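Good morning, and thank you for coming.

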Amino acid sequence: MKLKHSLFSRRQFLNGLLGGWLGALAASFLYPVVKFIFPPYREPDKVILPFSDYEDMGPNSVRNFPWGSKPGLIKKEDDGAYLAFVAVCTHLDCNVVYLAEQKKFFCACHEGWYDENGLNIGGPPPRPLRQLIIEREGENIIVKREGVE
Amino acid sequence: MNLKKIAAEIQAWFDDRFGLSAIFKFLREKEVPQHRHSIWYYTGSTILLLFGIQVITGFMLVFYYKPTLEEANKSIARIMTEAPLGWIIRSVHFWSASFMIAIVFIHLFSIWIAKSYRKPREATWMSGVFLLLISLVFGFTGYLLPWDDLSLSATKVGTDIPRSIPVVGIWITKLLRGGEDVTGDTLTRFFGFHVCILPVFIFILLAFHIYFIQKQGMSLPLAFENKGKKVRSLPFWPNFVYREMIVWLVLVGILVTVAIFLPPSLDKAADLMAPAPEGIKPEWYFLFLFQVLKIFPAKILFINGDTVAVLMIAVAFVLFFFLPFIDNKPTERKGKIITVVAYVVIVFAVAMTVWSLL
Ligand code: FES
């Protein structure tokens with residue numbers, strides 16, 4: 001049955017209502033499922049490391065630190081400054097090494113190369129290595145992401 | 001009352017309830033055509049056999065395996081050294097997986113080249129493509145479970161590939177990894193995929209796949225369809241089954257021999273913080289993909305090279321899935337182009353694989 005000026009019949013209206021209701025019901029079941037299978041993001045804002053662990057590094061050398069579940073690298077420059085990198089290849093996520101003699105970072109997965117400042121210079125990596133901000137605070141080194149207080 | 005009568009009554013009792021006689025009748029009357037190319041018919045059942053071996057050895061391994069960051073590698077070492085005959089069980093599981101994938105590829109290309117996917121067998125082909133996909137994911141998830149350096153790096157790369165798909169990619173990566181990065185959670189999740197989620201899907205798809213084949217009967221080579229020649233055929237039961245059993249016995253012989261003489265190794269447990277080891281390689285059936293990713297330039301025009309590679313692979317896969325609708329010529333046409341494409345794909349994959357090994 002359809003009223004004179006109505007755009008749809010009573011049947012269509014009720015079907016629409018029922019369909020919409022079923023859809024909403026399905027969504028309310030699906031939402032917690034989807035929510036559940038994606039765990040919250042876990043990268044740290046910053047890590048605090050004792051300076052004494054990194055004080056004795058020679059120039060042009062690196063030392064590991066844990067950046068969440070990824071490896072981080074602290075690198076001492078020839079002039080004594082410190083840099084911090086996330087030691088993960090920007091191509092497909094393999095962990096990189098620093099080859100001190102060649103002054104390059106190397107990723108063994110698909111032979112990706114980065115120069116001493118983390119700039120991608122060879123192989124498949126599309127971007128430079130991710131740099132972190134490194135600061136000295138009294139006895140500690142603070143390594144943090146860009147834009148973190 | 002004699003035994004025969006009792007047996008007949010028991011049979012009747014079951015038949016009344018389950019109607020099995022229809023199935024038995026079908027199997028008694030099923031015929032398998034005999035011709036020059038009937039050797040390819042055996043690939044299907046050998047895949048089933050190897051799959052069965054995977055299920056049984058999988059059940060056994062799961063009694064000892066522990067899917068956690070701390071225990072995974074140790075528990076496999078225990079299987080290899082302490083569990084009675086454990087090393088053979090693991091080795092058979094490992095080799096049977098490779099054999100199965102290899103025969104799946106042969107099965108696939110024999111059907112492709114013979115054009116057996118044409119009407120009315122489109123759904124058989126498509127369910128087969130999904131079975132192939134699931135088999136590959138089985139292989140991929142299983143590779144991580146020993147949790148050594150190689151498998152960790154291979155998994156990092158493999159799960160990072162979807163990330164270059166625009167919009168949805170990052171969510172696929174997170175879903176697979178159970179977070180942003182590959183961690184112990186990824187291992188547990190992969191174990192869940194490998195022993196729980198994928199088996200459910202593969203059994204359902206397999207049921208459909210086999211049902212379709214029974215429904216439509218064996219496909220005939222084009223030569224016979226064209227000439228309308230009368231084809232000799234063999235009763236499925238028992239003649240064809242006996243022949244299959246011979247093939248199975250030989251195959252199991254080869255499998256066990258290889259498994260005993262070339263057991264898979266186990267490296268030290270993976271360290272999430274360690275640099276990737278030199279010479280990481282995925283399983284052999286992913287080598288061609290691995291090589292493609294390696295030689296793809298970082299940037300093509302302004303687009304990320306990997307995005308291009310992944311999108312190309314995705315398009316190829318969709319075309320492959322819809323092959324029965326792209327090549328929808330009537331059964332008697334030869335379809336030379338499609339045959340040529342099949343050979344090009346084979347040559348490409350083999351060439352890439354060999355290159356990656358150099
Ligand atoms: S993951 Fe580093 S080069 Fe591919």
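How much area is buried between chain A and chain B? About 2500 Å² is buried between the two chains, and carbon and sulfur atoms give 57% of it. Buried area here is the accessible area, taken with a 1.4 Å probe, that two parts lose on being put together, summed over both.

A word on conventions before I continue. This is a predicted model, in which local features need pLDDT of at least 70 and side-chain atom pairs count only at pLDDT 80 or more, while totals for chains, interfaces and linings use all residues. Residues are numbered from 1 along each chain as its sequence is written, chains are lettered from A and ligands numbered from 1 in the order in which they are written, and side-chain values use heavy atoms, without hydrogens and water.

Let us stay with the interface. With contact defined as heavy atoms within 4.5 Å, 28 residues of chain A and 32 residues of chain B take part. Three salt bridges cross from chain A to chain B; the rule asks for a side-chain nitrogen of Lys or Arg within 4 Å of a carboxyl oxygen of Asp or Glu. In one of them, A:K70 is paired with B:D181, and their closest N and O atoms are 3.2 Å apart. On the chain A side, strand 2 (61–67) and strand 3 (70–76) each supply at least two of the residues that touch chain B. Strands are DSSP runs of E with at least two residues, helices are runs of H or I with at least four, and both are numbered from the N terminus. The touching side of chain A comprises 16 nonpolar, seven polar and five charged residues, with Gly counted as polar.

I turn now to the sheets of chain A. Two strands are said to pair if DSSP finds at least two bridges between them. Four strands form an open sheet in the order 5-6-7-8, with antiparallel pairing. Its edges are strand 5 (97–99) and strand 8 (120–122), each of which pairs on one side only. Strand 5 is joined to strand 6 (residues 104–107) by three bridges, and A:L99 has A:K104 as its bridge partner.

Elsewhere in chain A, strand 9 (residues 131–137) runs antiparallel to strand 4 (residues 82–86), with two bridges between them; here A:F85 stands opposite A:Q131. Strand 9 is also joined to strand 10 (residues 140–144), by five bridges, and A:E135 is partnered with A:I142. In the hairpin of strands 9 and 10, two residues lie between the strands, and A:G138 takes a positive phi near 60 degrees.

Which backbone features deserve a look in chain B? Most residues other than glycine have a negative phi, and most peptide bonds are trans. B:K115, which is not a glycine, has a positive phi of about 60 degrees. B:K115 sits in the loop between helix 5 and helix 6, and the loop between these helices also holds B:P120. The bond from B:K119 to B:P120 is cis, with omega near 5 degrees. Another cis peptide bond links B:W237 and B:P238, with omega about 0 degrees, and B:P238 belongs to helix 11 (residues 236–261).

Finally, the salt bridges over all chains number 18. One of them joins B:D149 to B:K268, with the closest N and O atoms 2.9 Å apart. B:D149 lies in helix 7 (residues 149–160) and B:K268 in the loop between helix 11 and helix 12 (287–295), so this pair ties together parts that are 119 residues apart in sequence.
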